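Dear colleague,

I am passing the structure below on to you, and my notes on it follow. Please read them alongside the coordinates.

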Amino acid sequence: MIRAIAPVALTLFLAAPVAAQEFVTTDGKLSDSDFFRLVTCSAAPGGPCGETQVRWTDSRASDLRVALLPAPRDYPGRVAERVSRALDRAIEQINGAGSAVRMRRVGKSEASDIQLHLAPVRSGDLVYGTGVDGLDDESIGAAVVQVRWDGKRNITEAAIVMAEDIPRDEIYPVLLEELTQSLGFLTDIRNPYYDSLSVFSEDSNSVTKLGVQDRMALHRLYPQN
């Protein structure tokens, strides 16, 4: 689901299949250029961008602070523990991709760029209790990520919410996808070719590492100087 509010844009993505999810349907392997434009500006192969391409500034991308906020009392403790471990693993995966992005986990009371919320809601429910404007009362799949940017198309903040009923084996793949999307990759791909090859696959929550073209897209959006 994508919403734009000028001059600040608000983008919401759901990590489980629902009617409002944002994706582009394609067939077969895409060229690197088509893949990059699809995931960053919602362009069909050979077509125009459907959304604004956004990114963190170079200075912020080089030191993105990610905080896991305390779980509510009624959020399952075991799920919270697995999300915490998955966050460390996802940060390591993104940092190791070879782009200019460097993430680090910070404490709950420290300033952060990306906040990870644990919501005591199930897939299909409405989010509540995050206190994030525009995020509460939105429908959630396995997870939802919100990205805000300014008039210069620079991302200013991001928030991720994880539902309480994510299957154990999908917690890490879902979080890896959401954390990667928070960098400005706004659109998923509906294409069986990518179901096991890209974290941006619309119909799969099983990809546990950034694929070759996922890493390519990271390099293009955040090139090493």
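**Strands and crossover**

Strand S4 (residues 64–68) and strand S5 (residues 103–106) run parallel and are joined by four bridges; two strands are taken to pair if DSSP finds at least two bridges between them, and helices (H or I, at least four residues) and strands (E, at least two) are DSSP runs, numbered from the N terminus. Between S4 and S5 the chain passes through helix H3 (residues 77–95), in a β-α-β crossover that is right-handed, a term that applies if, with the strands pointing away from the viewer, the path from the first strand over the helix to the second runs clockwise. Within this pairing, leucine 64 is found opposite methionine 103 of S5.

Before you go further, please note that this is a predicted model, in which local features need pLDDT of at least 70 and side-chain atom pairs count only at pLDDT 80 or more, while totals for chains, interfaces and linings use all residues. Residues are numbered from 1 along each chain as its sequence is written, and side-chain values use heavy atoms, with hydrogens and water left out.

Helix H4 is largely enclosed by the rest of the structure, because 11 of its 11 residues are buried, where buried means under 20% relative accessible area, exposed over 50%, and partly exposed in between (1.4 Å probe, protein chains only).

Threonine 130 lies in the loop between S6 and S7 and counts as buried at 14% relative accessibility. Its side chain is joined to that of aspartate 136 by a polar contact of 2.6 Å, that is, a pair of N or O atoms within 3.5 Å, of which, within protein, one must be able to donate a hydrogen and the other to accept it, and residues adjacent in sequence count only if both atoms are side-chain atoms.

Asparagine 191, in the loop between strand S9 (188–190) and H5, is buried as well, at 1% relative accessibility. A polar atom of the asparagine 191 side chain lies 2.9 Å from the backbone nitrogen of tyrosine 193, and, leaving aside neighbours within four places in sequence, asparagine 191 is in contact with Thr26, Asp27 and Gly28.

**Salt bridges**

The whole structure contains 10 salt bridges, each being a side-chain nitrogen of Lys or Arg within 4 Å of a carboxyl oxygen of Asp or Glu. In one of them, aspartate 113 meets arginine 60 at 2.5 Å, N to O; the two are 53 residues apart, with aspartate 113 in the loop between S5 and S6 and arginine 60 in helix H2 (residues 58–61). Aspartate 113 is buried at 3%, whereas arginine 60 is partly exposed at 28%, and Arg60, Arg65 and Asp113 are linked in a network of salt bridges.

Arginine 148 also forms a salt bridge, with aspartate 133, where the closest N and O atoms are 3.6 Å apart. Here arginine 148 is buried at 14% relative accessibility, while aspartate 133 is exposed, with a relative accessible area of 62%.

With best regards

Conventions: Contact means heavy atoms within 4.5 Å.
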